[in-house]
Amino acid sequence: MNPTEVAAHLSPLQLFLQADVIVKSIMLVLAVASIASWGVALEKLFRFRALEKRARNWIAALAGQRSLARLSNELKAQPEDPFSRIYRAIVGEWRETHKRDLHLSESGRNSLKERINRVGQIATGIEIERLQSGLSILATVGSVAPFIGLLGTVWGIMNSFQGIAASNNTSLSVVAPGIAEALFATALGLVAAIPAVVAYNRASGALNSYNNRLATLIGITEVQLSRQLEAGEPIPEDADAGYHDAQSGRTVSIDQHAHAHKAGGKLAAQGV
């Protein structure tokens with residue numbers, strides 16, 4: 001076999017076609033894992049970038065006079081944004097307290113501030129957990145793919161040694177294709193794992209940064225609401241009370257959603 005023929009037999013396509021059934025299956029699994037991790041990575045990259053941009057805009061909207069009214073108007077354009085849902089949950093608790101006249105006493109106003117803070121924490125935790133969906137795919141591919149590729153390599157090398165023993169020929173033209181297809185499985189494992197690890201680290205950093213943005217937004221909102229409470233100003237009029245469930249189309253309270261989250265864990269289907 002001349003060098004040109006050897007090179008043709010060592011092309012990626014030929015290595016896949018000549019591989020054992022087990023090695024082929026491992027290669028297909030790694031290819032699917034790589035495609036899935038790239039899909040998750042791109043979705044998280046663009047989503048976190050958009051969320052970060054809107055969060056910066058809303059922090060700017062909270063500066064100046066009538067900041068809550070301005071913020072409420074801007075949040076109406078993004079009803080499914082995590083902070084928009086958190087804001088509706090906070091304002092929902094505010095309205096429920098005023099509806100029951102619990103804010104008329106000093107203790108009632110203090111407890112309202114505590115409840116608003118608690119509602120903000122619960123809603124933030126749920127939203128962050130929702131945003132974390134998909135990151136487990138990146139973590140799994142990044143940690144498992146190299147070992148799956150190594151399994152294909154070990155299996156391919158075993159087959160190569162069996163072929164050498166059967167043919168009693170140890171020339172390079174006999175050994176090279178089997179060894180190459182075995183090593184190709186390891187290469188596919190690394191190709192799948194390395195981008196997944198990089199994407200996971202980038203997404204985790206972006207999520208932590210956005211979590212800090214949410215904490216800033218919630219803190220400023222709580223300060224503004226507390227100031228309005230002490231001044232006896234009316235509650236925000238443009239926010240929906242409670243938390244909107246995107247699938248059922250209904251609005252639920254923070255307590256209802258927290259109970260559902262604890263009981264069923266169906267975070268993607270509900271919101272506070």
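Helices here are DSSP runs of H or I with at least four residues, strands are runs of E with at least two, and both are numbered from the N terminus. By that rule, A182 has its place in helix α8, which covers residues 172-231.

The model is predicted, so local features need pLDDT of at least 70, side-chain atom pairs count only at pLDDT 80 or more, and totals for chains, interfaces and linings use all residues. Residues are numbered from 1 along each chain as its sequence is written, and side-chain values use heavy atoms, with hydrogens and water left out.

Start with the overall layout. The chain holds 9 helices and 2 strands. Along the sequence, the pattern reads α-α-α-α-α-α-α-α-β-β-α. Of the 272 residues in the chain, 39% are buried. Buried means a relative accessible area under 20%, exposed means over 50%, and partly exposed lies in between, using a 1.4 Å probe and protein chains only. A contact means heavy atoms within 4.5 Å. Take the contacts between residues at least 6 apart in sequence: 75% of them join residues at least 24 apart.

Now return to A182. Its relative accessibility is 0%, so A182 counts as buried. Which residues does A182 touch, leaving out those up to four places away in sequence? They are G152, T153, G156 and I157. The C-alpha atoms of A182 and T153 are separated by 4.1 Å, although the two residues are 29 apart along the chain.

Next comes a pair of packed helices. Two packed helices are described by the angle between their axes and the distance between the axes. Here the axes are lines fitted to C-alpha atoms, for helices over the stretch in contact, and angles run from 0 to 180 degrees between N-to-C directions. Helix α3 spans residues 21-61, and helix α7 spans residues 135-167. Their axes come within 9 Å and cross at roughly 160 degrees. That makes α3 roughly antiparallel to α7. The cut-offs are under 35 degrees for roughly parallel, over 145 for roughly antiparallel and 65 to 115 for roughly perpendicular, with the rest oblique.

The crossing of α3 past α7 is left-handed. Left-handed means that the near helix is turned anticlockwise from the far one by less than a right angle; clockwise would be right-handed. On the α3 side, the residues that meet α7 include I22, I26, L30, A33, V40 and K44. Among their partners in α7 are L138, V141, A145, G149, G152 and W155. The residues of this contact divide into 15 nonpolar, 4 polar and 1 charged. In this scheme Ala, Val, Leu, Ile, Met, Phe, Trp, Tyr, Cys and Pro count as nonpolar, Asp, Glu, Lys and Arg as charged, and the others, Gly among them, as polar.

Helix α7 also holds S143. With 41% relative accessibility, S143 counts as partly exposed. The C-alpha atoms of S143 and I194 are separated by 9.3 Å, and the two residues are 51 apart along the chain.

Is K44 buried or exposed? K44 is buried, with a relative accessible area of 3%. Leaving out residues up to four places away in sequence, K44 touches L131, S133, L135 and A203. K44 and L207 are 163 residues apart in sequence, yet 9.3 Å apart in space, C-alpha to C-alpha.

Side chains of opposite charge can pair when their charged atoms come close. A salt bridge is a side-chain nitrogen of Lys or Arg within 4 Å of a carboxyl oxygen of Asp or Glu. By this rule the model has 8 salt bridges. K44 forms one with E43, with the closest N and O atoms 4.0 Å apart. E43 is partly exposed, at 38% relative accessible area. E43 also forms a salt bridge with R47, with the closest N and O atoms 3.9 Å apart. E43 and R47 both lie in α3, 4 residues apart, about one turn of the helix. R47 is partly exposed as well, at 32% relative accessibility.

A further salt bridge joins the side chains of R85 and E127, at 2.9 Å from N to O. R85 lies in helix α5 (residues 82-99) and E127 in helix α6 (residues 106-131), so the pair ties together parts that are 42 residues apart in sequence. R85 and E127 are both buried. E80, R85, E127 and R130 are linked in a network of salt bridges.
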